[in-house]
Amino acid sequence: LPKNEAIPAPAGLAVVPGKEERLLVADEFSDDAALLDAATGKLLTRFDLSAGPVIPSTYPVAVVVGRRGRRAWVSLWNGSAVAELDLRRGKVVQRLPLLPPTQNVDPSSHPVAMALSPDRRTLYVALANRDAVAAVRIAGHRMRVDGFCDTRLPGQAYYGAMPNAVAVSPDG
């Protein structure tokens, strides 16, 4: 491996709908997401999600793919953000910060698990280090935060709920 890189560690995995059998993999220690041919394992597209000179820095850990297989989202554990990918053009379209630290030495919000709403307009993102779930509006050209759901128990004054999964009921 090149200097300043860690051994790749596939974390999140999603099936990409379409004619070809494809997989999208979040590769935690290489700061990228990989679009693979599911039958051959051949790398089709690599999405660079790094944010600094040392790899890993953002730690992509989960992926969600849209219904048509055109767009996907990656949670960046140490990057305090979600990245949107254009799977057809092979590009990182945008990143949306989710309660990022105010100083570089402060801890990340740790975006981890994600789930799409049934209408595919909202992406819910568990923020393990902020005891919250972000509701991210993905309909339209720019992602935006619509709000946050507090996951702390009643009477819990300090952090510690650490949500690491999220699910959405069929009725939204």
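The protein has 12 strands and 0 helices. This is a predicted model.

**Overall dimensions and packing**
- The C-alpha trace spans about 50 × 45 × 25 Å along its principal axes.
- Of the 172 residues, 42% are buried.
- Among contacts with a separation of 6 or more, 41% join residues 24 or more positions apart.

**Nonpolar cores**
- In soluble globular proteins, nonpolar side chains tend to be buried together.
- The largest nonpolar core holds 20 residues.
- Trp73, Val82, Leu98, Met114, Leu123, Val125 and Val136 touch the most other members of this core.
- At least two core residues come from each of strand E5 (60-65), strand E9 (111-116), strand E10 (122-127) and strand E11 (132-137).
- A second, separate core has 17 residues, including Leu24, Leu35, Leu76 and Leu87.

**Leu98 and its contacts**
- Leucine 98 belongs to the largest nonpolar core.
- Neighbours within four places in sequence aside, leucine 98 contacts Ser80, Ala81, Val82, Ser109 and Pro111, among others.
- Its contacts also include Val125, Leu127, Ala134, Val136 and Val145.

**Surface and charge**
- The protein exposes about 9500 Å².
- Carbon and sulfur atoms supply 53% of that area.
- There are 20 positive and 17 negative charges.
- The mean positions of the positive and negative charges lie 8 Å apart.

Definitions and conventions:
Residues are numbered from 1 along each chain as its sequence is written. This is a predicted model: local features need pLDDT of at least 70, side-chain atom pairs count only at pLDDT 80 or more; totals for chains, interfaces and linings use all residues. Side-chain values use heavy atoms; hydrogens and water are left out. Helices (H or I, at least four residues) and strands (E, at least two) are DSSP runs, numbered from the N terminus. Buried means under 20% relative accessible area, exposed over 50%, partly exposed in between (1.4 Å probe, protein chains only). Contact means heavy atoms within 4.5 Å. Accessible areas come from the Shrake-Rupley method with a 1.4 Å probe; for residues, only the protein chains shown count as cover. Lys and Arg count as positive and Asp and Glu as negative; His and the chain ends are not counted. The place of a charge is taken as NZ of Lys, CZ of Arg, CG of Asp or CD of Glu. A nonpolar core is a set of buried Ala, Val, Leu, Ile, Met, Phe, Trp, Tyr and Cys residues joined through side-chain atoms within 4.5 Å.
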